[in-house]
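Q: I'd like a close look at one part of this structure. Please start with the whole chain, then zoom in.

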Amino acid sequence: MAQYDINLREYWRILRKRKIIVILTSMLLGIFSTTFAILQAPTPLYTSVCSIKFEKETALEGLYARTLSWSGGDDIETQMTIIKSYSILMEVAKDLGLIPNRIITEKMRLSPNIIAVVEKLQSKVQVSRESYTNILNIKVTDPDPVFTQRMANAIAVTYKKSHAEQQGKRTMAAIKYIDDQLWKMRQNLQRAEETFNSFSQKNQLISIDMQSENLLLRTKEIRGEIRKLDEDKSELETLLVRVNTFIKNPSDSEDNFYSTKADKQYQATNDALVGLLLNKDTLLENYTSRHPEVIAIGQKVIENARKMTMLLRLQIDNKEKRKIDLNRELDEVDRKTNTLMGKKLEFDRLKREVESSRNMTALLEQKNQEALIRKAEKPEEVVLVKPALLPTAPINPPKTATTGATGIIIGLVLGLVLAFIVETFDTSLGAIEDVEETLGAKVLGVIPYTDPKDIQENLKDRYPEGMDERTLSNVVNLVSHYAPKTMISESFRALRTNIQFREGDDKIKTIAVASTSPKEGKTLVSVNLAISMAQAGLKTLLVGADLRKPMLAKTFGLESIPGLTDIVLGSYPWADTVKSITDIIMGRLTMDEVMMTPGMDNLHIITSGIIPPNPAELIESRRLMDFIKEAGEKYDIVIFDSTPILSTADATILGTKVDGVLIVYRVGAVSKGLLKRSSTQLEQVQCNIIGIVLNGMKPDISPDFQDFKYYKYYSYYGEEGKEKEPVYKKALSFIRGKGEDAGSSEGGGLPASVGKAVQAEQEKKPGHLLRWFLIIVAVLFLTVGVLWQNGIIDPVQFLGLVETVKKDSIKPTVVKSPSKPAVKKGLKVVSIRPENTKITTPEKKPIPDTKAPVFQPDVKAEEKAVIKEAVSPYRAGSYPYSLYLGSFRSLERAEKAITKYSPKGLSPFWVKVHFKEKGVWYRIYMGHFKNQEDAQGFGMEHGVKDIEIKKTAYANLIDTYTSSDELDARVQSLKVLGYSPYIIGDQDDRFRLFIGAFLTKAGAEEQYNELKSDDVKSQVVRR
């Protein structure tokens, strides 16, 4: 791949190539930024600041300080809030003359007019603290600078006066309150002392703490004895069970019945039992168990064990009796303890009451003295530090120029980035070295990009009245014949020369011209190369080998039959299919057009013939090979206009039969990979690629042709070339109002002095003003359209064409039908159609918003009577169609659209629809109709554009109502829950309330589940 140094020249080439992206991006962002700055330019606001100092006197502290002053919070923050309070600003409104300066009652204070004035003033005031000082800045902001000064000073004066009055009132109220409380506390202290002494003497509670301690200690001892008795009793009962078991089966039971809890008598009996058992064991060593002595000792053992059970039962009974006695004693001690504790509580309470009364009396006496001293001092806590001055400059000057310049700069940078990104992703080849290195073949010709207007300009002398469409098409396709002095004709001659003098011993006589993809100009190259060969005196045969989309016959205006297909099929000898200059003259071209340039008599043409069903098989046939061989012997050069390489196999097959293949590459048309693939496909079948032709080369495409524009003005000797005016100069000429006659003398036009005179004359014409007017209108419409699409402005509301409807004024609607609906001819419209019918409801308190905005009705009572006359017969499933007005991603935008449709006599409603991939959308429908004709007629009558009708047969029926008040209350409750209900009435004074309109039953069932989760009863029905 060719390597180029990245320098400023290369960057400049890229910018020139992608200049449209840079200029368009910069202009769009500049226009958007400037327009946005103009539209968003704020109203000039002025600010005036008045400073006051608030210093609270805190020399005397305590209960009086908290009573006389404020709370334990931040005093400065409290005063900042008081300055903006309702009472202060109401007095300020009186001073400024905004409300009547008279005594205002409590009822008048809460009137809507006064509240509105005060709230408006509050929005203009901002109170802040000066760093960490006690200075407060009262800042007032308003469009009127004089009003800001007056209001700031009025607030400071009113607050100072109010604070002084409140301070004096608090002082007097505090003194009076302290005196009253002091007298009461002295009386309470006296009564408390007398009660305490009387109670102590009566109950002799001098050592109450020691008595209560002894009782608690005894209670603890008794509880300990009871717990020990329970443990002993439990152990004895267990022992009793073991002894009884032994008595029943002496041989298998254990014989250890010792216990520390039993008395001495039991222990002696147990010892005797142990001795008997030992004797028994001794006898059993010598005797059997039936021996008389053994039997006698066994009886004694049983008797002794029974005695032990009697002793155990006796001890258990004694312990139970002892426990009963201790419980009785415990109850008595508890009773005494409770009685003593009750007296102790009363004793402590009376004692605390005496101490509290004594302390409060002393404190009130101290505060009374402090209040008297405070009253004598009269401190001034609010001082005016700096009065408000008249502001001279607004605080929010518009920044239109800065925003616009910033937008242009950002757009320029973004455009540069986009230009280089587009250039980076451009995989096409432009430089000659790139093409040659990629394909491994030489570039034999470069066909420049030429505007057909340039060719017309060169042929202006021959066609002074201009060219029709047919002539222009002939001139473009046969440019080497019609305009041999143009740069593009010279390019074809250069291509001819490179082919003739190509290095190699083998002379090339048959050439196939192909391209990678369609519309790269292979036919144009084939035709003009053949004309150039014929003009050089070579006997040339041009063959239309594109049997799929032949263009050769159309280019020369010849009959396509017979042609190459007939030769291959054997229908005609190939010599009979050759068309000469005579056939061209008999075709579309006239005699004068054919004779314009010499050499056409050397050009023979064979068209493609009929389009066969198997072109590839025909190209591969033996007859075609014979034809190529015979034609090569008779003609100096044979050129085949072949098919695209990658689209079909025809070009590849033909390339194996001719001497060489010429690949036409339209610069930028295909990527590097596709171009490489086409050459590889030819090389795989051993085709001889003689070279590449670069078609449509522009000066800004490749660094090889940055200065290409200067070469095309070099004309024939004795002729002065005419420079083509660039597009941007034409645009500037249109803007300036310059015509062709106002050009400079360098372009062959009028002298400079004459050009200036013509220009001055043209500027006086109305066309000059018309150009500027069209440019301004176009930019304005573009800007307004973009801003409208982005929701920044709404020209319809701005021009007052549609009345803005506030949310709070939207009323519930009931579907009604007029008695004689207006219907366009040819459309049958039923009497059912939605209209705005209002329903009266009693005044209700505002309901807090939970899921959706609450729309409060505001209708007249006399409109209730309209409902009964407006309804039409209703039958389930008879109105399945609705008008579809659009879909929105958010509920806010859907409600905004509804407010725009409502003033047009429509009653739209929204339906929430869930999509798996797109999420939640809100569809807007209108009305209910029996068939599509009725819906379309209603939409046309009300001017609904782009009418779209959907069959929304499924909905959720909430209930049927006969009372309009009950119906309206239900509508409001559903709107509070975030739904959009609508009503269908019938002739028997019943109203059916619906929610939703769905294409399928599944959608209605999904909404049914949602309603059920909100405790709303409904039923899925066919509407």
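How many Å² does the accessible surface of the protein chain come to, and what percentage belongs to carbon and sulfur atoms? After that, in what order do the seven strands of the open sheet stand, and what packs on the sheet?

A: First, the ground rules. This is a predicted model, where local features need pLDDT of at least 70, side-chain atom pairs count only at pLDDT 80 or more, and totals for chains, interfaces and linings use all residues. Residues are numbered from 1 along each chain as its sequence is written, and side-chain values use heavy atoms, leaving out hydrogens and water.

Now the surface. It comes to about 57900 Å² for the protein chain, and carbon and sulfur atoms hold 54% of that. Such areas come from the Shrake-Rupley method with a 1.4 Å probe; for residues, only the protein chains shown count as cover.

The chain has 1023 residues, and 41% of them count as buried. Buried means under 20% relative accessible area, exposed means over 50%, and partly exposed lies in between (1.4 Å probe, protein chains only). The chain holds 36 helices and 19 strands. These are DSSP runs numbered from the N terminus: helices are H or I with at least four residues, strands are E with at least two. Contacts reach along the chain as well. Take those between residues at least 6 apart in sequence: 77% join residues at least 24 apart. A contact means heavy atoms within 4.5 Å.

Now zoom in on the sheet. Its seven strands run in the order β5-β11-β10-β6-β9-β7-β8, with parallel pairing, and the sheet is open. The edges belong to β5 (443–448) and β8 (603–606); each has a single partner strand, so one side of each lacks a neighbour in the sheet. From one strand to the next, the twist averages 20 degrees. Strands of a sheet pair through backbone hydrogen bonds, either parallel or antiparallel. Here, two strands count as paired if DSSP finds at least two bridges between them.

Five bridges tie β5 to β11 (residues 689–697), and the two run parallel. In that pairing, Pro-448 stands opposite Met-697 of β11.

Two helices come next. Helix α18 (residues 522–535) lies across β6 (510–515), β7 (540–544), β8, β9 (637–641), β10 (660–666) and β11. Its direction makes about 165 degrees with β9. Helix α26 (residues 672–684) packs on the sheet too, touching β10 and β11, at about 170 degrees to β10. The axes are lines fitted to C-alpha atoms, for helices over the stretch in contact; angles run from 0 to 180 degrees between N-to-C directions.

Move on to β7. Five of its five residues are buried. Thr-540, Leu-542 and Gly-544 are buried on one side, Leu-541 and Val-543 on the other, and both faces are covered. Leu-542 has Ile-605 of β8 as its bridge partner. Five bridges join β7 to β9, again in parallel. There, Thr-540 stands opposite Ile-637 of β9.

The model has 11 aromatic pairs. Rings of Phe, Tyr and Trp (its six-membered ring) pair if their centres lie within 6.5 Å; planes under 30 degrees apart count as stacked, over 60 as edge-to-face, and the rest as tilted. Phe-627 and Phe-640 make an edge-to-face pair, with 6.4 Å from centre to centre and 90 degrees between the planes. Phe-627 sits in helix α24 (residues 622–634) and Phe-640 in β9, so the pair ties together parts 13 residues apart in sequence. Phe-627 counts as buried because its relative accessibility is 2%. Phe-640 is buried as well, at 0%.

Last, the cysteines. Cys-687 counts as buried because its relative accessibility is 10%. Cys-50 is buried too, at 0%. The count of disulfides (cysteine sulfur atoms within 2.5 Å) comes to zero.
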